[in-house]
Amino acid sequence: MSIFIALGDLHEETKSLSRLKKIQAMYPENDTVTVFIGDYIDTFGPNSGFELLEKIHNMNEADPLHTVVLMGNHEQAAIDYFENPNNTAWLRFGGNETLKSEVNRLGGNQGTLSDREFVLNKRRDLINWVKSLPLTYQPGSKNKIVFTHAGLDLTLKNPIRDTNNYDRLWMRANYWYDPNSWGIFGRNKLGVSVVTGHTPNGKIMGRYSENQKPEKFESNHSPIYTIQYPNEMPRYLMDGGIGEGDPKILGNIGVFDGETGLLINALED
């Protein structure tokens with residue numbers, strides 16, 4: 001049995017890694033893989049920066065066979081800004097705080113460089129690593145599961161292959177809902193489970209076609225949520241809401257059996 005431990009949308013909450021170690025210790029099998037599904041930076045506060053990103057990078061470097069790290073939309077927005085200072089969108093949803101915090105963490109910018117140039121020079125290797133991160137992870141053919149940050153375009157003939165990069169990073173309702181029945185959860189035509197993050201699960205609302213399952217309402221609580229119709233593989237929504245700023249929230253961790261694609265254990269706030 002192949003085991004996949006998934007977590008994401010940690011937004012600089014380094015304490016989440018201590019919880020991860022406890023889960024990893026429960027599954028010491030040689031083929032267990034930890035999958036980070038994006039959004040490691042940006043907290044809109046003074047404790048932001050690249051500390052968590054650096055720790056995850058070190059984990060990946062130390063054990064690349066058992067540590068998969070995917071790109072999130074916050075990482076992509078940061079890369080866009082570092083590559084072109086005119087791409088300032090990142091600065092408006094956490095990047096400004098992250099940039100200033102990283103400058104302070106690195107000892108401050110005492111010269112004439114801008115914060116952007118200072119961090120780019122000091123963190124070039126880390127930024128280049130982020131640029132190389134994949135957007136989707138689908139393990140070998142024996143496993144019935146796929147991971148991406150935001151979603152897949154399930155209207156396509158082959159969503160895993162053909163979904164564009166923007167949608168993999170930014171999709172919300174277009175992934176959750178039937179394109180012909182807004183607010184009705186769509187169906188998973190894939191023969192595999194899909195694991196995503198990106199939107200705090202408490203903010204997601206929706207109904208099932210013909211009320212086959214209870215309606216989902218908005219909530220202040222964001223445990224792992226599953227969208228699944230009878231005789232279909234599930235879609236697991238993982239974002240536990242760390243980005244909302246509650247210091248008590250450390251995020252969701254899901255444990256999946258790769259051969260069945262099913263969630264077999266979870267640690268949730």
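At roughly what angle do the axes of helix H1 (residues 15-26) and helix H2 (residues 51-62) cross? The answer is roughly 30°, with the two axes coming within 12 Å.

A quick word on ground rules. This is a predicted model, so to speak: local features need pLDDT of at least 70, side-chain atom pairs count only at pLDDT 80 or more, and totals for chains, interfaces and linings use all residues. Residues are numbered from 1 along each chain as its sequence is written, and side-chain values use heavy atoms, with hydrogens and water left out.

**Helix pairs**

- Axes here are lines fitted to C-alpha atoms, for helices over the stretch in contact, and angles run from 0 to 180 degrees between N-to-C directions.
- Helices (H or I, at least four residues) and strands (E, at least two) are DSSP runs, numbered from the N terminus.
- On the H1 side, Leu 17, Leu 20 and Gln 24 meet Leu 52, Lys 55 and Met 59 of H2, where contact means heavy atoms within 4.5 Å.
- Sorted by class, that H1 contact with H2 has four nonpolar, one polar and one charged residues (Ala, Val, Leu, Ile, Met, Phe, Trp, Tyr, Cys and Pro count as nonpolar, Asp, Glu, Lys and Arg as charged, and the others, Gly among them, as polar).
- Helix H4 (residues 95-105) and helix H5 (residues 115-122) have axes that come within 10 Å and cross at roughly 60°, which makes H4 oblique to H5.
- H4 passes H5 in a left-handed crossing (the near helix is turned anticlockwise from the far one by less than a right angle; clockwise would be right-handed).
- Leu 99, Lys 100, Glu 102 and Val 103 in H4 meet Asp 115, Arg 116, Phe 118 and Val 119 in H5, a set that divides into four nonpolar, no polar and four charged.

**The five-stranded sheet**

- Five strands form an open sheet in the order S4-S5-S8-S10-S9, with mixed pairing (two strands pair if DSSP finds at least two bridges between them).
- Strand S4 (136-137) and strand S9 (225-227) stand at the edges with a single partner strand each, so one side of each is left without a neighbour in the sheet.
- S4 runs antiparallel to strand S5 (residues 145-148), joined by two bridges, and Thr 136 has Thr 148 in S5 as its bridge partner.

- Strand S11 (residues 253-257) and strand S12 (residues 262-267) run antiparallel, joined by five bridges.
- Gly 254 stands opposite Ala 266 in S12.
- Four residues lie between the strands of this hairpin, in which Gly 261 takes a positive phi near 75°.

Definitions and conventions. Angles under 35 degrees count as roughly parallel, over 145 as roughly antiparallel, 65 to 115 as roughly perpendicular and the rest as oblique.
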